[in-house]
Every structure is written in structure tokens, then in C-alpha cells.
Amino acid sequence: MSERAEPTLADRARATRVVVVGGGIAGLTAAWECARIGMPVVLLEAGTRVGGAIETATLDGIDIDLAAEVFSLSAPALADLIDQLELRADVEPAADESVAVAVAAGDGLHVVPLPANRAGIPANVWAPAVRRLVGSAGVWRAYLDRLRPPLTIGRERRLGALVRTRMGARIRDRLVAPLTIGTWGVDPDEIDVDLAVPGLSAALTRAGSLGGAVDQLLPARSEDGTEPPRARRATLRGGMGRLVQALAERLLTLDADIRVGHAVTALSRTETGWLVHVDGAGDAVDRGDDGVPQPLPADIVVLAAGAPAASTLLAPLGVTLDAPARPAREVVTLVMDAGTSAAGPATVYPVPGAMAAASVIDAGAAWPSVRAASGPTRRVFRVTVDPDQGGDDPLALAARDVTQLWPGIGAIRASAQRTAFLAPPSSTLGHAERAAALRARIAPLGRIVAVGEDLAGGGISSVVADTIDEVERVRHDVLWGRP
């Protein structure tokens, strides 16, 4: 009588049932990482579609992203995923990454393109743009940076406090704060210098001044002293929705089960794993003879629906998760007649309080495919409105702000509005420690993984990289027989 063969890694993969809760980019990535090695996957999304913050729509005949639209070109994990999905040929680097700050003045709104900088910190405080933003007194205060000793032991970790101490409050408030608040909804005092601008602290010690440190970190410049154009960000031609579509199609090809309209209500233990309980609204819900929805068995559960949903599911199991504050923003996309409006910067960040908008993006300036689709007679803008500004509805506020920034713009041809909850970036002070502590609370449960923006930090690139790391960890344990 022959001995029974030990199961191979492929056998273990096929026998490992995975249930992913949440169909945003984190959930889709987690499902892909499991399904592509043979694990049977069920993905449950409470909403009516997958993709989460990634949503591409057609407005006035133009395919345009309505919220998340960009990723970093220096993100290896996302680059690998794009290659796996055969989307490399559709990656579109930004044509224009120019950034300006809008500041209210006595004679109206001034839109000032930022000079060479890192995180809004100027390399040259005497640049005309700096003077326009902070005035002569602000420039002279910033110049004192050259006379202060460099920071070494006990250096300031907070970006805002560092800039305020070295260059003064006006540089912090009018150059740095518009970028961090406009992008993430986070005050610069909450940003970790070393994570936001890697190498800045060491460069400060070498250069002896903050401006000099920034100058050292800038790429090589041409003979006229200007920084050569070098795209740092990209999107996909036709919209980031193509990434979602490609993931969903590949998952279906691998026999993964994607179910929308399925809200998970509870998790319960079994002797060998977990049961994932769902409500009875979805048509594809498994039901017993009595019509009651049947829970789904799982060897691995991936929680990718956000910290509030994960907290609700984990609380009965004795695990409490503290979600970070996520400020709400209304994201308004406008297709407008070009009228007599002139070209301008790709992105404008108003000084907080100067406008209702926290940021305004000229999508046609940033992305060649959008410019080609809109032609010379139309302009496409994405306006992020802070609802705390009050006043009119977000659409009216967005249109008003675009008109202020681009005088001569024409009428609105099409629009869309979405509510976004901004996740703090991974460069937020204490983010890594908080995420590690949350995962340490979950770890004793065994084979439950939590992923998503609340743990990875905001941004598609961060979410994909973090999700792959976490799924690989639990996948490795299962395949190699660890409990």
C-alpha cells in the first residue's frame, strides 16, 4: 500500500478559499494576487460596481476620470501590475505638471506658478514668484534661513514647523500648505519631512539652509537654470477605469466570482477557517432550502472595504480599529466651452480660504489624450470643493472658481459630481506606527488581512503596493503550511 503523496503548492493553492470584502482597487488587487496562483476567490462588493474611487465616465463624448486619475511613475508594484495586465502601451505620462498657487489680493485673485521646489519649499527665495506670493517682508524673512544653523540632533520632523522655523510662516502658509491641504486635506504640520521629501534632512545638514537643501535635491538643470521637464505622474489613456476593467476581466477568466450588491454583515469562526455572512439583497446570494442566505466559507478573508466597515466586522471578534479622519470633498468634473480662455497651469492650489476650491486641475493640459478628445473648443476641469466653505451647491462653486482662474471660459456642456473622502498620505506623522498597531490587533485572529487607503495611505500606487505585500504575507503562510 503506497503512502499518500504530500500536497504540492499548487494543491494547497487550489484548496485555499479566499473571500475578498470590497471591490475597490485594494480588493481587486488582492483578488488578482490570489486568483492568479490558483486560489478560488469570491469578491463581494456592497455597491453596484467595482472600482471604488476609480470611475471613468463619458462626458460630452470625452472619456474622463471622475475622481482618482493619477499614479506615480516611480511605483514598482503598480508598474508590475500594469505589465501583468498588458496595459503598458496605454500608460500616458503627464504632459504638463505645472503647479500654481492662487492667492487673494486687494486687486483680485493672483495665480502664481510655483518656482523650482520640493513640497512647495522654494529652492530660491528670491524668485519673483515667491515675492508675488509672500511679499518683500516674507522674502526677507525666508532669507534668514541662510543665517540659521543647520538642524542635526533633534531635527524637526514636521514639515510645516520646519518651514515656519526656517523660512517663516508666509512660506509655510502660501507655498507649502496649499499643496498638502489641496491634495490630501492634511495640514503640513501633520506631514513627516523625511517621508514627504526623502533626503531633505541630510541635505539640510550639508547645505546649511533649507533652500540650499531643496536645490541639492532638484534634478540637473539646463544651462539657463531651468528644471528640465520630467513627468513624475501618469494615467491610462481612456481613463483609470481601464485598470479596473482589466482586473475584473482577468479575474473572471480565472473563474473568480465577482458579486456586486452583496454587503457583508458578519464574520464567524469555524474549526478550520471563517464564514462570511452576507445580506439577502443580491441575486447571486447562496440560499438554503429555507431561503436564508448561506454564509461563504473562507480560509483567507481580505477586508478591503475601508476601516469603518472592517471595524464593524471585527468588533464582535474583540478587535477595535480606529480609523483616521478622512475629510470629505466634492469632486466636480466640468466640460466647458473654451470661449476665449487662455492656457494656464495644469494644477492650481488656492491658499486656504481664497476660494471654495481646494484644487483645480486642467485635465486637458495634464493629459494629451484628454486634450485630443476635447479639441480646441472645449476645456475639461476637475475641481475639488471643500463642503465646509458653504454657500451655493458644489457645481456652482466649481464653475465660479474656474471662471475666476480662466477668464473668458464659456458655458458648461456637461458635468459630474462625486463625494470623495480623502485618506491621509503614508507620509503623515505616525502613519506607519498606527497601521502596524492596527494589523497587530488583527493578526491573532489568523488569516484575516486588512488592506486599503486607511492602512496604506492615500493614492493608487500606495494601495496597490501595500495590498500586494499583505496578501503575499498571508499567501506565503498558507502555501508553506504555517498556521
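Predicted model: local features only at pLDDT ≥ 70, side-chain atom pairs only at ≥ 80, totals over all residues.

User: What makes the radius of gyration of the protein chain agree with that of a compact globule?

Analyst: For 483 residues, a compact globule would have a radius of gyration near 23 Å, and the protein chain has 25 Å, which agrees. Along the principal axes, the C-alpha atoms fill a box of roughly 90 × 55 × 40 Å. The chain holds 17 helices and 22 strands.

User: How many of the residues in the protein chain are buried, and what does buried mean?

Analyst: Buried means under 20% relative accessible area. Buried residues make up 49% of the 483 residues. The accessible surface comes to about 21,300 Å², and 54% of this surface belongs to carbon and sulfur atoms.

User: What share of the contacts joins residues 24 or more positions apart?

Analyst: Among contacts with a separation of 6 or more, such residues account for 70%.

User: How far apart are the mean positions of the positive and negative charges?

Analyst: The mean positions of the 48 positive and 57 negative charges are 6 Å apart.

User: Why is α2 called largely enclosed by the rest of the structure?

Analyst: The count decides: 11 of the 11 residues of α2 are buried, so the helix is largely enclosed by the rest of the structure. Among them are Ile25, Leu28, Trp32, Glu33 and Cys34. The buried residues of α2 pack against the strands β1 (18-21), β2 (41-45) and β16 (300-303). They also pack against the helices α3, α10 and α17.

User: How do you know that the buried residues of α3 line one face of the helix?

Analyst: The buried residues of α3, which spans residues 76-84, are Ala77, Leu78, Leu81 and Ile82. Seen down the helix axis, these residues fall within an arc of 135 degrees, so they line one face of α3. They pack against α2 (25-35), α10 (241-253) and α17 (460-479), as well as the strands β5 (71-72) and β6 (91-93).

User: Why is Asp255 called exposed?

Analyst: Asp255 has a relative accessible area of 69%, which is over the 50% cut-off, so Asp255 is exposed. This residue sits in the loop between α10 and β12 (257-260). Phi of Asp255 is near 65 degrees, a positive value in a residue other than glycine.

User: Why is Arg329 called buried?

Analyst: Its relative accessibility is 7%, under the 20% cut-off, so Arg329 counts as buried. Arg329 lies in strand β17 (residues 328-337). Leaving aside neighbours within four places in sequence, its contacts include Ile181, Gly185, Thr384, Asp386 and Arg418. Arg329 and Ala357 are 28 residues apart in sequence, and their C-alpha atoms are 9.5 Å apart in space.

User: What makes Thr384 buried, and which residues are in contact with Thr384?

Analyst: Thr384 has a relative accessible area of 12%, which is under 20%, so Thr384 is buried. Its place is in strand β20 (residues 378-385). Beyond neighbours within four places in sequence, Thr384 is in contact with Arg329, Glu330, Val331, Ala356, Ala357, Ala358 and Ser359.

User: How do you know that Ser201 is buried?

Analyst: The relative accessible area of Ser201 is 12%, and under 20% means buried, so the term applies to Ser201. Ser201 is found in helix α8 (residues 200-207). Not counting residues up to four places away in sequence, Ser201 touches Arg155, Val193 and Asp194.

User: Why is Ala365 called buried, and what does Ala365 touch?

Analyst: Ala365 has a relative accessible area of 7%, under the 20% cut-off, so Ala365 is buried. Its place is in helix α12 (residues 363-366). Apart from residues up to four places away in sequence, Ala365 touches Ala95, Asp96, Ala346 and Arg371. Ala365 and Val380 are 15 residues apart in sequence and 8.8 Å apart in space, C-alpha to C-alpha.

Key. Residues numbered from 1 in each chain as written. Heavy atoms only, no water. Helix = DSSP H or I, 4+ residues; strand = E, 2+ residues; numbered from the N terminus. Rg over C-alpha atoms; globule rule 2.2 N^0.38 Å. Buried < 20%, exposed > 50% of the residue type's maximum accessible area, 1.4 Å probe, protein only. Contact = heavy atoms within 4.5 Å. Areas by Shrake-Rupley, 256 points an atom, 1.4 Å probe, with all protein chains shown as cover. Lys, Arg positive; Asp, Glu negative; His and termini not counted. Charge placed at Lys NZ, Arg CZ, Asp CG, Glu CD. Arc of directions from axis to C-beta.
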